[in-house]
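Keep the viewer open and try each task before reading on.

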Amino acid sequence: MQNFDFYNPTRIVFGEKSIARLDDLVPTDARVLVLYGGNSAERSGTLAEVRAALGARKLWEFGGIEPNPAYEILMRAVELVRTEKLDFLLAVGGGSVIDGTKFVAAAVSFAGDPWAILETFGSTVTDALPFGTVLTLPATGSEMNCASVITKQETLAKLPFMTPFVYPKFSILDPVKTYTLPPHQLANGVVDAFTHVIEQYLTYPTEGRVQDRFAEGLLQTLIEIGSKVVNEPADFDSRANLMWSATMAVNGLIAAGVPQDWSTHMLGHELTALYGIDHARTLAIILPAMLHLRRENKRAKLLQYAERVWQITEGDEDERIDQAIEKTRAFFESLGLKTHLSDYNISADEIDRLIQQLQAHGMTQLGEHQDVTLEVSRKVLEASL
Ligand code: NZQ
Ligand code: ZN
C-alpha cells in the first residue's frame, strides 16, 4: 500500500426530511446565498423546504447554473457575493450546482482573474467561503469531495480543480429528493459513480486490500440496483443505496494508498465541452475502449475485476478480460447509455480536434503510469468510434 494522508471534513446528514437540519447547520447570523440550477429545485418543492428551514436568516438567491457550469455565469454570482458581502453559500442541486458553488467559494477572495484557479488546477487557491449542499442528483460525489469541474464557454475548456479549501462543511442527502429525476439522469448517476470507482480501482495491484474490497462492494451494489433505479418506480432503499454509493465512490476513501487513473474522465470532459454530451455518457463511450487498449498494464486488476465483480472464471486470461469489458459495456447499454462515438454522430474526422483540445489543456500524460500520451488517447478515441 502507498503512503497516504486521508482527510475528509464534510459532515453527511442522510435521510428523509433532513433538509430541516439546515437550521442547526447554517450559522444563525449568516448572510446566505442559495445557488441552484434551472427549475427542478423550485418545481419539486426543495427550494421551498430550504427557505423554510433557513427561517429568519438573511437570504439571497442565484439560479440558472446550467449543467457543466459556466465560468461566465458563475462570475455573476461572485460579483453578487462581493457586493452584498455574503458569507455563507448553500448549493441546492446536482454536481453542476455544487461544483459551481465551489468555484464561487474559491473565487470570491481570489486575487486576479479566477479562471487562473482552473489553469493551475486549484493549486493557487488559498481560501474559500464556507458552504453546504443539499444534493438532488446522486452521481458526481461532489457533495463530499474537494473537486470541481468548470467550463469556460469562450474557449470550450472544461477543466477540473481540486483544493482542500472547497470541501463542503456539510451535505444533506435525502434520497426522496431523487424521486423527481428522469430515468436518463438516474442512469447517468449510476454510470458516473461506477466509472469513478473503476478509475481508482482498475490500475495495478498495490496490496490495497481494504480499498479493493470497498471498491468491489460499491461496483457490485451499483450493478445490483442499477436496473431497479432506472426502470422501476422510485423506492427509498434503492435510491438510498445509489446516493450513498455515489458519495462513497469519490470522497477520497477508496483512493487512499492506491494509484489512480482518471484518463477516461479527462477524455470525456473534451467530448462534453465540444459536443455537449452528458458527462456520464462520455464515460460510457470512452471507458470500454480505454480498458481494452490498456489491458497489458491493467492485466492483473482486470482479471481481479472479472472474477470478483462479474464472477467470470471460465476461459484463458484474455478471454476473461474480454468478457469483463463486454459485461461493463452491456451494463451501460442496459441502462440506456450508448457506448460508441458514432451513436452521437461523431466520426473519425473529429479526432484531430479532440486531440488538439487535450493538448491545449495539458492532458498529455494521463493515467496511473502517465503513459496515456496524445498518441494513446488518439487510439482510444479511434477504438470508441
Ligand atoms: O438545472 P435543474 O433544473 O436543477 O435540472 C438538473 C439538470 O438539468 C436536473 N436535476 C437535478 N436534480 C434533479 C433534477 N431534475 C429533477 N429532479 C431532481 N431532483 O439534472 C440535470 C443535470 O444536473 P447536473 O448537476 O448537471 O448533473 P450531475 O450531477 O451529473 O453533474 C454533472 C457535472 O459534474 C461534473 C461533471 O463534469 C458535470 O459538469 N463532475 C464533478 C465531479 C466532482 N466535483 O467531483 C466529478 C465528476 O466526475 C464530474 O466530472
Ligand atoms: Zn464523473
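Helices (H or I, at least four residues) and strands (E, at least two) are DSSP runs, numbered from the N terminus. This is a predicted model, where local features need pLDDT of at least 70, side-chain atom pairs count only at pLDDT 80 or more, and totals for chains, interfaces and linings use all residues. Residues are numbered from 1 along each chain as its sequence is written, chains are lettered from A and ligands numbered from 1 in the order in which they are written, and side-chain values use heavy atoms, with hydrogens and water left out.

**Exercise 1. Describe the shell around ligand 1.**

Step 1. Find the residues with a heavy atom within 4 Å of the ligand. There are 30 around ligand 1, and the closest are S40, G95, S96, K158 and H196.

Step 2. Assign them to elements. α5 (95-107), β6 (147-152), α7 (183-201) and α10 (263-275) each give the shell at least two residues.

Step 3. Turn to domains, whose bounds come from an automatic or database domain assignment. Domain 1 (11-177) and domain 2 (183-383) each contribute at least three residues to the shell.

Step 4. Sort by type: Ala, Val, Leu, Ile, Met, Phe, Trp, Tyr, Cys and Pro count as nonpolar, Asp, Glu, Lys and Arg as charged, and the others, Gly among them, as polar. The shell then has seven nonpolar, 19 polar and four charged residues.

**Exercise 2. Work out which residues line the largest cavity.**

Step 1. On a 1 Å grid over the protein atoms alone, a cavity is a set of points where a 1.4 Å probe fits but cannot get out; lining residues have an atom within 4 Å of a point.

Step 2. List the lining: I198, E199, L202, D261, T264, L287, M290, L291 and K298.

Step 3. Trace the elements. α7 and α11 (279-293) give two or more residues, and α11 has the largest share, three.

Step 4. By type, the lining has five nonpolar, one polar and three charged residues.

Notes. 1 Å grid on protein atoms, 1.4 Å probe; cavity = no way out; pocket = protein on both sides within 12 Å on 5 of 7 lines; lining within 4 Å.
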